[in-house]
Amino acid sequence: MQDFLHKLPQFIGNHAALAALFAILLIALIVVQVGLLFGKSKELTPAGLTQLINRDSPLLIDLSAIADFEKMHVPGARHVLMSQFDPEHKDLAKAKELPVVVMDKDGRGNSVKASQRLVKAGFQKVYTLGGGVLSWHAAQLPVAKGNK
């Protein structure tokens with residue numbers, strides 16, 4: 001270990017671009033994790049979503065592409081295109097007191113952005129489905145098909 005620490009400054013000096021890229025990625029990872037820990041929206045597992053559905057009857061919003069939604073979605077989810085997602089819309093604004101779960105195909109993109117927009121719009125109970133609809137399916141939970 002001491003040999004590694006002894007050679008580290010030389011390595012960084014010889015590979016400055018690589019070291020800078022590593023530092024940037026490390027900082028980005030820390031920022032994302034801190035945001036998840038202290039953000040007002042929470043990530044649910046498929047089991048956690050099942051409990052929430054059974055306990056509170058949340059509003060389920062699926063932001064997947066229409067083809068993905070028609071192929072497979074959580075029963076009861078409403079499909080909304082991300083380009084049309086508006087937390088200030090009168091129908092959605094009525095649900096500010098309800099739990100709202102936002103999901104997409106794989107849980108990597110639109111659901112996080114949409115949940116942040118909901119929190120900024122004053123929604124109190126905002127959740128995302130970690131891993132998206134694919135994690136729901138992988139947990140062998142029932143899926144609906146079609147556009148409803």
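Gly146 counts as partly exposed, at 27% relative accessibility (buried means under 20% relative accessible area, exposed over 50%, and partly exposed in between, with a 1.4 Å probe and protein chains only). Welcome to this predicted model, in which local features need pLDDT of at least 70, side-chain atom pairs count only at pLDDT 80 or more, and totals for chains, interfaces and linings use all residues. Residues are numbered from 1 along each chain as its sequence is written, and side-chain values use heavy atoms, with hydrogens and water left out.

Let us stay with Gly146 for a moment. This glycine lies in the segment after helix H7 (132-138); helices (H or I, at least four residues) and strands (E, at least two) are DSSP runs, numbered from the N terminus. Leaving aside its neighbours within four places in sequence, Gly146 is in contact with Phe69, Glu70 and His73, where contact means heavy atoms within 4.5 Å. The C-alpha atoms of Gly146 and Ala65 are separated by 13 Å, and the two residues are 81 apart along the chain.

**The sheet**

Five strands form an open sheet in the order S1-S5-S4-S2-S3, with parallel pairing; two strands pair if DSSP finds at least two bridges between them. At the edges are S1 and strand S3 (78-79), each of which pairs on one side only. Strand S1 (residues 42-44) and S5 pair in the parallel sense over three bridges, while strand S4 (residues 99-103) is joined to S5 by four bridges, again running parallel.

Which residues stand opposite Tyr127 in S5? Lys42 is one of them, and Val101 is another. In S5, Thr128 is the bridge partner of Val102. Four of the five residues of strand S5 (residues 125-129) are buried, so this strand is largely enclosed by the rest of the structure.

**Helices against the sheet**

S4, helix H6 (residues 110-120) and S5 make a right-handed β-α-β unit; a crossover is right-handed if, with the strands pointing away from the viewer, the path from the first strand over the helix to the second runs clockwise. H6 lies across S4 and S5, and runs at about 180 degrees to S5. Such angles run from 0 to 180 degrees between N-to-C directions, and the axes are lines fitted to C-alpha atoms, for helices over the stretch in contact.

Which residues in H6 are buried? Ser111, Ala114, Ser115 and Leu118 are. They cover an arc of only 100 degrees around the axis, which puts them on the same side of H6; the arc is that of the directions from the helix axis to the C-beta atoms. What covers these buried residues includes helix H5 (90-93), S4 and S5. Just after H6 comes Gly122, which takes a positive phi of about 100 degrees.

Ser57 has a positive phi in a residue other than glycine, and so does Gln140. The table sets out where each one sits.

| Residue | Phi | Place | Relative accessibility |
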